[in-house]
Amino acid sequence: MNTFTTLTDSHAETVVQRSRFIAFVYHIESESEAAEILASLRKKYYDSTHVCYAYVADVDGNVTKSSDDGEPSGTAGSPILSVISGGEYRQTLIAVVRYFGGTKLGVGGLVKAYTDSANAAVRASEKRLNVLSRIYSATVDYNLFRKISGAVTRAGGKITDTVYGEKVDFSFALPSTVDIVALTDLTGGKTEFFNRGYRYEIY
């Protein structure tokens with residue numbers, strides 16, 4: 001997978017027939033991180049009726065989990081997971097805290113309430129496109145660094161780390177689909193770019 005989309009942390013509150021639904025979006029990178037966040041929510045909202053959730057913890061969309069937390073089966077966790085899956089979001093947890101308002105919503109009403117609540121929190125988030133990138137490092141003089149940094153930017157990459165001394169030691173990221181040949185040509189083949197591997201970057 002060359003790209004995937006994540007969401008920034010956010011929250012939104014909706015009220016349906018006096019029941020409060022407080023939805024939270026979190027960027028996560030593991031199931032253990034999701035568990036820690038959920039434990040924190042349950043502690044903070046200890047007096048709530050339910051804390052329902054769903055998540056996709058990995059990049060490929062294979063590590064998923066959802067919970068109705070006492071709501072009728074399929075009325076909370078699955079609708080929340082559908083919001084995540086429908087947007088093709090990865091490394092994303094959505095949790096919805098409910099305070100019961102005294103009126104039963106029924107199966108259809110619950111599905112709609114949890115879906116709408118999750119969508120409201122997603123709308124309050126910002127989407128982040130993560131791009132599989134190659135990471136390189138090099139050491140050059142100042143004039144050449146300015147040329148290379150400009151070329152990296154034009155190629156859709158970014159400088160990720162810079163140390164200034166007699167020369168410039170720096171690292172940069174390029175989308176994995178971009179060939180470094182252009183940068184090598186720019187330096188006349190005299191600069192060695194060390195390949196430090198792959199990671200996902202947000203540009």
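A residue is called buried here when its relative accessible area is under 20%, exposed when that area is over 50%, and partly exposed in between, with a 1.4 Å probe and protein chains only. The model on screen is predicted, and local features therefore need pLDDT of at least 70, side-chain atom pairs count only at pLDDT 80 or more, and totals for chains, interfaces and linings use all residues. Residues are numbered from 1 along each chain as its sequence is written, and side-chain values use heavy atoms, with hydrogens and water left out.

**Stop 1: aspartate 68**

Select aspartate 68, which lies in the loop between strand E5 (64-67) and helix H2 (77-86); helices (H or I, at least four residues) and strands (E, at least two) are DSSP runs, numbered from the N terminus.

Now display the surroundings of aspartate 68: its side chain reaches the backbone nitrogen of glycine 77 at 2.8 Å. Leaving aside residues up to four places away in sequence, aspartate 68 touches Cys52, Ser73, Gly74, Thr75, Ala76, Gly77 and Ser78, where contact means heavy atoms within 4.5 Å.

**Stop 2: the sheet and its helices**

Switch to a cartoon view and follow the open sheet of 5 strands, whose order is E2-E3-E6-E4-E5, with antiparallel pairing; two strands pair if DSSP finds at least two bridges between them. Strand E2 (10-16) and E5 are the edge strands, each pairing on one side only. From one strand to the next, the twist averages 15°, and for such angles the axes are lines fitted to C-alpha atoms, for helices over the stretch in contact, with values running from 0 to 180 degrees between N-to-C directions.

Next, colour strand E3 (residues 19-27) and strand E6 (residues 92-99), which run antiparallel and are joined by 8 bridges. Within this pair, phenylalanine 24 has alanine 95 in E6 as its bridge partner. Helix H2 packs on the sheet, where it touches strand E4 (50-56), E5 and E6, and its direction makes about 35° with that of E4. Helix H3 (residues 106-123) also packs on the sheet, touching E2, E3, E4 and E6, with its direction at about 45° to that of E3.

On the other pairing of E3, 7 bridges join E2 to E3, and these strands run antiparallel. Here histidine 11 stands opposite phenylalanine 24 in E3.

**Stop 3: arginine 20**

Select arginine 20 in strand E3, which counts as partly exposed because its relative accessibility is 32%. Apart from residues up to four places away in sequence, arginine 20 touches Glu13, Thr14, Val15, Val97, Arg98 and Tyr99. Arginine 20 forms a salt bridge with glutamate 13, the closest N and O atoms being 2.7 Å apart; glutamate 13 counts as partly exposed because its relative accessibility is 44%.

**Stop 4: further salt bridges**

The structure holds 6 salt bridges. Among them, select the one in which the side chains of arginine 98 and glutamate 71 meet at 2.9 Å, N to O. Arginine 98 lies in strand E6 and glutamate 71 in the loop between E5 and H2, so the pair ties together parts that are 27 residues apart in sequence. Are these two residues buried or exposed? Arginine 98 counts as buried at 4% relative accessibility, and glutamate 71 counts as buried at 8%.

Then select Lys158, Arg199 and Glu201, which are linked in a network of salt bridges.

**Stop 5: positive phi values**

Return to the hairpin of E2 and E3, which has 2 residues between the strands and in which glutamine 17 takes a positive phi near 45°. Arginine 18, in the loop between E2 and E3, has a phi near 70°, a positive value in a residue other than glycine, and arginine 18 counts as exposed because its relative accessibility is 60%. Finish at glutamate 88, in the loop between H2 and E6, whose phi is near 55° and which counts as exposed at 57% relative accessibility.

Terms used. A polar contact is a pair of N or O atoms within 3.5 Å; within protein, one must be able to donate a hydrogen and the other to accept it, and residues adjacent in sequence count only if both atoms are side-chain atoms. A salt bridge is a side-chain nitrogen of Lys or Arg within 4 Å of a carboxyl oxygen of Asp or Glu.
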